[in-house]
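Student: I've got this one open on my screen. Let's go through it together, starting from the tail end.

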Amino acid sequence: MFGGTFDPVHNAHLRVALDIVEAGALEQLHLVPCHVPPHRGDPEVTAAQRLAMLELAARGELRFRVDDRELRRDGPSYTVDTLQTLRRDFPGDHLCLLLGSDSFVSLPRWDRWQELAVYAHIVVMQRPDHPLKLSGPLTDWLHGRETADWAALRDEPAGRVLFQDVTPMAVSATDIRARLAAGRSGRYLLPDAVWDYIRDNTLYGAGGYAG
């Protein structure tokens with residue numbers, strides 16, 4: 001599972017997702033757009049529009065599956081609740097939760113964060129040039145869970161934490177939204193189909209942009 005607001009989905013999201021699929025030889029990766037983010041403001045576009053962009057972005061990669069389960073649930077989109085539903089749907093599978101390094105460091109602020117490993121392994125996507133500095137309760141919780149071997153994630157259905165280097169790409173949805181609001185192009189930061197959708201639907205202030 002790789003969750004996020006995807007506001008909008010961009011090339012860095014897709015590249016790191018593919019890095020993890022290839023590194024772990026994963027059969028399927030669920031891209032799960034968040035409905036009501038607990039730790040940030042509301043997305044700038046509707047849930048239906050974010051879902052449509054994600055479906056366009058994932059088209060052509062058979063190992064990506066767009067999963068709208070959080071959009072169908074009322075209230076804040078707590079990851080632990082989403083993992084519970086995934087575990088019910090895939091009771092015999094080995095599940096992995098993909099987190100960026102910033103999200104992993106902030107885990108102690110998440111709802112019932114210590115339960116996450118009950119339902120899935122955690123794979124932390126990190127840039128090779130940005131080593132993590134951990135301290136406090138997260139360090140204590142990590143003790144005995146960390147592994148560098150993908151095979152260890154196949155020995156148990158959940159509970160391990162693996163740190164995986166991914167392709168460093170300095171692309172963010174925040175920057176893209178700012179660019180578009182300023183009348184600049186989003187081309188080559190987004191999949192072409194997503195960029196076309198944004199222009200056609202005049203999202204993020206990009207109305208009328210021809211480039």
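**Chat about the chain**

Tutor: Start with Thr-202, which lies in the segment after α9. It has a positive phi of about 50 degrees although it is not a glycine. This is a predicted model, where local features need pLDDT of at least 70, side-chain atom pairs count only at pLDDT 80 or more, and totals for chains, interfaces and linings use all residues. Residues are numbered from 1 along each chain as its sequence is written, and side-chain values use heavy atoms, with hydrogens and water left out.

Student: OK, peptide bonds. Which one is cis?

Tutor: The bond from Asp-7 to Pro-8, with omega near 5 degrees. Pro-8 sits in the loop between β1 (2-4) and α1 (11-24).

Student: How many helices and strands does the chain have?

Tutor: Nine helices and seven strands. Helices (H or I, at least four residues) and strands (E, at least two) are DSSP runs numbered from the N terminus.

Student: Back to α9. At what angle does it cross α2?

Tutor: Roughly 150 degrees, with the axes of α2 (residues 47-58) and α9 (residues 192-200) coming within 8 Å. Axes are lines fitted to C-alpha atoms, for helices over the stretch in contact, and angles run from 0 to 180 degrees between N-to-C directions. α2 and α9 are therefore roughly antiparallel, a label for angles over 145.

Student: Which residues make the contact?

Tutor: Gln-49, Ala-52, Met-53, Leu-56 and Ala-57 of α2 meet Ala-193, Val-194, Tyr-197 and Ile-198 of α9. Contact means heavy atoms within 4.5 Å.

Student: New topic: where is Leu-162?

Tutor: In strand β7 (residues 161-165). Leu-162 counts as buried, at 1% relative accessibility. Leaving aside neighbours within four places in sequence, its contacts include Ile-122, Val-124 and Trp-150.

Student: And how far is Leu-162 from Ala-206?

Tutor: They are 39 Å apart in space, C-alpha to C-alpha, and 44 residues apart in sequence.

Terms used. Angles under 35 degrees count as roughly parallel, over 145 as roughly antiparallel, 65 to 115 as roughly perpendicular and the rest as oblique. Buried means under 20% relative accessible area, exposed over 50%, partly exposed in between (1.4 Å probe, protein chains only).
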